[in-house]
Amino acid sequence: MQVNFVVHIVSLVVFGTAIAAVLPMLADFIAGRAEWLAFAVSAAAMGFFGGACILATRGEKSKSITLRTAFLLTGLSWFVLPLFAALPFLDLGLSYADAIFEATSGITTTGSTVITGLDDLPPGILLWRSILQWIGGIGILVMAVVLLPFMRIGGAQLFHTESSDTSDKVEPRWFVLMSNILLVYLFLTVLCGIIFRLLGMTGFDAICHAMVTVSTGGFSTHDASFGFFESNALQWTATIFMLSGAIPFYVYIKALRGNAWTMISDSQVRALVIFLIATSVAMAVWLSRHSHMDFGDALTFTFFNVTSVVTTTGFASADYTLWGTGAVGAFLILTFVGGCSGSTSGAIKIYRFQVLAQVISAHIKRLTSPHRVVPTHFNGRPLPDDVAISVLAFLTMFVATIALCTLALTFMDLDLITAYSASVAAITNVGPGLGPVVGPAGNFSSLPDSAKLLLAFAMILGRLEIFTILVIFDRGFWTN
C-alpha cells in the first residue's frame, strides 16, 4: 500500500488549508480586529505540520491510485483535516470538542453549529466557516465523481466517467476531470455571489453565502440564517443555486463539451426537479390554508426550505417546526432524500431511490412468476446486479447507523427526539434537526462533549457514505 504517498497527499491538503487561513486573517486585520493573530498562529501550526510531512515524504509519486490507497486516502483526509481546521475556533473560547464539531460540520458541509451570536463575531471567523464549507464542497465533488465510482460504494459504480473504469486503478485523466469540476464550481460560486450582491446583500455576506450555497453547506453569518435578509428575490436566487450544487457536476462538464441535452435527459436531474416542484407546491397549498398565508409567500417559503433540506444545505428562512405537526413530519422525511450523485449534497440521494423502486417492482413481479426475467435500467442502460446489491447494502447500513447513533445519544441523557433528529441531521449532513434543542431555531451547543464528538464522527461517516470507513476496519484491508 502506498502509505507514504497517502501521507504526502494529506499533508498537501493540510498545507493548502493553512494557506486558506490567511484570508480570514487578512479580513480581521483589515477590520482592525485582534483576532487576526489567532489565524496567524493557526496557519503557522498547520503550515509547519503540513510542510514538515511534505518534506519527509517528498519524492513520493503515484502514476495511478490503487483501490486500497483510495480508501485510505479518502478516510484519512476527512479525519485529519478537522483536527487542524478546528484551531481558529479555540480563540472564541470553545472547547476543543466544540471546535472539532464546528470544523467537521464545515468540512462535511453539514451546517450544524455550536456557535451563537454570529451577528457579533469578527469577520475572520465567519469567513473561515464559509471557506471550510467551500473547501469541503470541492472535496466532496472529487470524491463523488472520481473516487466513489472507482471504489464501487453504494451503487456509485453506475457513474463511471473518464476518471475510472472497471480495473483496479484510477486512470491518469482524473486530474483533467478534477480541473473541470473546480472551474465549474468556481464559476457557480462567483455568479451566485454577484447576484447576491446585486440583490442587496453586503459584499461580505454575498461572498460568504455564495460559498456555502453552492457547496450546499448552510453556514450563515447571522443567527437568523437566511431569514435575516427578508427578501423573496434572495430566497429564490439561493434556491436556484442550492439546486445547482445538488445537480451532478459531470452533467455540467458534458454540457460544456457540447452535450447540453444531458441537463434534461439525465434521469437523476429530472427526478430531483420534479420531486422538488411537486413537494414544494403541495406544501405551499397546505401552508397557505393552515396559516392563512398568501400563496405566493407560502410558495417562496416552501420552495426555499424544501430545497434547503432536500439538497442538505440546511439554510432556514423560517422555523418550519412552527408550521404544524404535518410540516414537521414532512421535513423529517425530506431529510433522507438528498440530491444527485456527483453533487455536493448528502443523504441517500435520488438515484438510490430510483434503483430501489426498480428492485422492488422486479421482486413483486417475480413473486407470481419466479422464473420471469425482469429487465431493469438506469439512464437508458441496463442496471448491473452488483449495483442493486450495493444500494441495498448501503440503505441497510444507513438505517443501522442512525439507529446505533440514536441509541448512543440516549445513553448520554439526550431525549429521544433530540437524539434521533441529531443523528439523522449528522449522518445525512443536513444540519438542523428537530425540536427546541437542535431544531432550525436552536443549535448543538448545549449537548455534552461526548455527544458532539460522536456526531462529528457521524458527519464524516455519512459524508463518506459509510462503507468508505467500514472497509478500513476490515482486517483483510491491511493484510491482503
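In the predicted model, the side chains of Glu35 and Arg33 meet in a salt bridge, with an N to O distance of 3.3 Å; the term denotes a side-chain nitrogen of Lys or Arg within 4 Å of a carboxyl oxygen of Asp or Glu. Both partners are partly exposed, Glu35 with a relative accessible area of 22% and Arg33 at 29%. Here buried means under 20% relative accessible area, exposed means over 50%, and partly exposed lies in between (1.4 Å probe, protein chains only). Side chains of opposite charge can pair when their charged atoms come close. By this rule the count comes to six salt bridges.

A second pairing joins the side chains of Lys452 and Asp98, at 2.5 Å from N to O. Helices (H or I, at least four residues) and strands (E, at least two) are DSSP runs, numbered from the N terminus. Both Lys452 and Asp98 are buried, the relative accessibility of Lys452 being 2%. Lys452 also forms a salt bridge with Asp449, the closest N and O atoms being 3.9 Å apart. Asp449 and Lys452 are three residues apart in helix 19, a separation of about one helical turn. An α-helix has 3.6 residues a turn, so residues three or four places apart point the same way. In contrast to the buried Lys452, Asp449 is partly exposed, at 37%.

Residues are numbered from 1 along each chain as its sequence is written, and side-chain values use heavy atoms, with hydrogens and water left out. Because the model is predicted, local features need pLDDT of at least 70 and side-chain atom pairs count only at pLDDT 80 or more, whereas totals for chains, interfaces and linings use all residues.

The structure holds zero disulfides, a disulfide being a pair of cysteine sulfur atoms within 2.5 Å. The sulfur of Cys208 is 12 Å from the closest cysteine sulfur, that of Cys192, which is too far for a bond. Cys208 is buried at 1% relative accessibility, and Cys53 also counts as buried, at 19%.

Helix 12 (residues 267-291) comprises 25 residues and reaches 35 Å from its first C-alpha to its last, close to the 36 Å expected at 1.5 Å a residue; the expected span is 1.5 Å times one less than the number of residues. Its buried residues include Val269, Leu272, Leu276, Met283 and Leu287. At the N-terminal end, Asp266 caps helix 12 through a side-chain oxygen 3.0 Å from the backbone nitrogen of Gln268. Just after the helix, His292 takes a positive phi of about 55°.

In helix 6 (residues 123-151) is found Leu147, which is buried at 14% relative accessibility. Not counting residues up to four places away in sequence, Leu147 touches Ala70, Thr74 and Val142, contact meaning heavy atoms within 4.5 Å. The C-alpha atoms of Leu147 and Phe71 are separated by 8.6 Å, although the two residues are 76 residues apart along the chain.

The chain averages a pLDDT of 87, and 95% of the residues score at least 70; pLDDT is the predictor's confidence in each residue, from 0 to 100. Confidence is highest in helix 8 (residues 203-214), at a mean of 96, and lowest in helix 21 (residues 475-479), at 75. Over residues 161-172, pLDDT stays under 50. Where pLDDT is low, the predicted coordinates should not be read in detail.

Notes: A polar contact is a pair of N or O atoms within 3.5 Å; within protein, one must be able to donate a hydrogen and the other to accept it, and residues adjacent in sequence count only if both atoms are side-chain atoms.
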